[in-house]
Amino acid sequence: MKNVLVVDDEQDLRELLVNRLVRKGYDAEGCSSAEEALNKLNTETYDLGIFDIRMDGMDGLSLLEKVKESDRKMMEIIMLTGHGTIETAIEAMKKGAYDYLTKPYNLSELEVVLAKALEKKQLKEDHDTMKEWMHTKENSFEIIGTSQEIQSAIHLTAKVANADASILIEGESGTGKELFAKALHYWSERKEAPFIAINSGAIPEQLLESELFGHVKGAFTGAQKDKKGLVEVADKGTLFLDEIGEMPLGVQVKLLRFLETGQFRRVGEVKERQVKVRIVTATNRNVEEEVANGNFREDLYYRLQVLKIIVPPLRDRKEDIPALVRFYLNTKKKWQGTSLTEETMEALMAYDFPGNVRELFHMIERGCLLCSDGVICVEDLLLPNTKGPEQSFGKKTDKAEVVKRSLEEIERDHMAQVLDSTNWNKSEAADILGISVRNIYRKIDHHGLENDRD
Ligand SMILES: Nc1ncnc2c1ncn2[C@@H]1O[C@H](COP(=O)(O)OP(=O)(O)OP(=O)(O)O)[C@@H](O)[C@H]1O
Ligand SMILES: [Mg+2]
């Protein structure tokens, strides 16, 4: 419902107008003076104001000026003039009023002006959202970091962005592989065409093939109409295949053929189709190992990694941590102005971040939520307590005993702890651990972990 504020010192007229607007479905309120209106405007937002020009105390023109100077400038204003000359009305328009009506005005005339003013406001809002959206879109692949490690990855990315060869992006979970994939797209001449991302590991084989290459009606149960594949949707643009190491073997064959010829067939169709798509793939694990184990085709692997971009783990470029923290706090409107104590920054610099940038961002988000007075203290970070010298001294664990624990045991214990701390929210736990959701299910199974509460 649209909110309208009616400001008029003549009670009868004001009430008549407010009642009429309420009956017409507006959420209308009246004020008997400009001063009262300003007070209300401090706490409430309105879509539209209807101000009488001549009032005792502050007049309507000054009220208009104040509104337009304030952060309420999105509000559209219609002026009412009784005794005024056309000059006052023109002055009001110059000061930013949407329109004016001369008293006695006709109520249906008012309604038309009102509807138009609201329409204009909507347009302005849409435009603003659009601008904001474009802004975030442009910045969503801003890659922060001045370290030698990240800078050389950035340089390589910029250099090969325009090439046609497929690119493999390698890096641990949360290092920013998807960010680099976007950069490859937006820093190239393909940037006006689509950037399409798909997780090759999360989708069953048959579905993945039809997602990538499309299908025709009746190709399989559930294929009720023809469907374009993502390679067609991404034509002239970039198709980003995430977690390529998990791609089923059957789809690997089709992908290889597509890479070699640019041709493909929709599932259930004989016709060959041709598109031009830049293929970017990413993996957070050793695909060579998968190749050795026979889970990944060697020929495809060589084809995909003609050019390889390696995104370094955060622990190898700790100098980037402060800038990343600042970037995160600045992009999150609600956390702007939050700061960290020196000790907190030192703790971050000392931590290894197995979940890389994603883990850092989560930690800062948590810190913002937990901290008081907008200053994040070390405790607010909830650093995993396996780290930090005090804690390990505090536990007084026998060193020999620690050494005897296998990596398996440590992983199991840590997973159990994280799962408990997230109330068995698996995607949250996967985020903290820096692994995929698919992986966390696998590991829960592997370690025989169970949710006692289930
Ligand atoms: N250098 C960076 N500058 C700014 N933001 C970054 C940077 N690196 C990573 N991020 C942010 O960290 C988060 C994780 O990055 P991204 O999703 O690209 O990681 P990933 O390597 O694809 O992880 P995964 O292997 O789990 O899919 C995102 O929010 C991303 O925007
Ligand atoms: Mg990713």
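Strand 6 (residues 167-170) and strand 13 (residues 278-283) run side by side in the parallel sense, joined over four bridges. This pairing, like everything else described here, comes from a predicted model. Within it, Ile169 has Ala282 of strand 13 as its bridge partner. As a reminder, strands of a sheet pair through backbone hydrogen bonds, and they can do so in a parallel or an antiparallel way.

Zooming out, the two strands belong to an open sheet of five strands, with the order 7-10-13-6-14 and parallel pairing. Strand 7 (195-199) and strand 14 (307-310) sit at the edges, and each has just a single partner strand, so one side of each is left without a neighbour in the sheet. Going from one strand to the next, the twist averages 20°.

Helices pack against this sheet. Helix 6 (residues 148-160) lies across strand 6, strand 13 and strand 14, and it runs at about 150° to strand 14. Helix 7 (residues 177-186) packs on the sheet too, touching strands 6, 7, 10 (238-242), 13 and 14. The direction of helix 7 makes about 150° with that of strand 6.

Back in strand 13, one residue worth a look is Thr283. Is Thr283 buried or exposed? With a relative accessible area of 2%, which is under the 20% cut-off, Thr283 counts as buried. Leaving aside neighbours within four places in sequence, the residues in contact with Thr283 include Leu168, Ile169 and Glu170, as well as Gly171, Lys177, Ile244 and Gly245.

Lys177 turns up again around ligand 1. There are 18 residues around this ligand, and those that come nearest are Ile144, Ser173, Gly174, Lys177 and Arg358. An N or O atom in the side chain of Lys177 is 2.6 Å from an oxygen atom of ligand 1. Backbone atoms take part as well: a backbone N or O atom of Gly176 lies 3.1 Å from an oxygen atom of the ligand, and a polar backbone atom of Glu178 is 3.1 Å from an oxygen atom of ligand 1.

Elsewhere in the chain, helix 2 (residues 34-43) has two contrasting sides. Ala34, Ala37 and Leu41 are buried. These three cover an arc of only 55° around the axis, which puts them on the same side of helix 2. Over on the other side, Asn39, Asn42 and Thr43 are exposed. What covers the buried residues of helix 2? The cover includes strand 1 (3-7), strand 2 (27-31) and helix 3 (60-69).

Conventions: Residues are numbered from 1 along each chain as its sequence is written. Chains are lettered from A and ligands numbered from 1 in the order in which they are written. This is a predicted model: local features need pLDDT of at least 70, side-chain atom pairs count only at pLDDT 80 or more; totals for chains, interfaces and linings use all residues. Side-chain values use heavy atoms; hydrogens and water are left out. Buried means under 20% relative accessible area, exposed over 50%, partly exposed in between (1.4 Å probe, protein chains only). The arc is that of the directions from the helix axis to the C-beta atoms. Contact means heavy atoms within 4.5 Å. Two strands pair if DSSP finds at least two bridges between them. Axes are lines fitted to C-alpha atoms, for helices over the stretch in contact, and angles run from 0 to 180 degrees between N-to-C directions. A residue is near a molecule or strand if one of its heavy atoms lies within 4 Å of it. A polar contact is a pair of N or O atoms within 3.5 Å; within protein, one must be able to donate a hydrogen and the other to accept it, and residues adjacent in sequence count only if both atoms are side-chain atoms.
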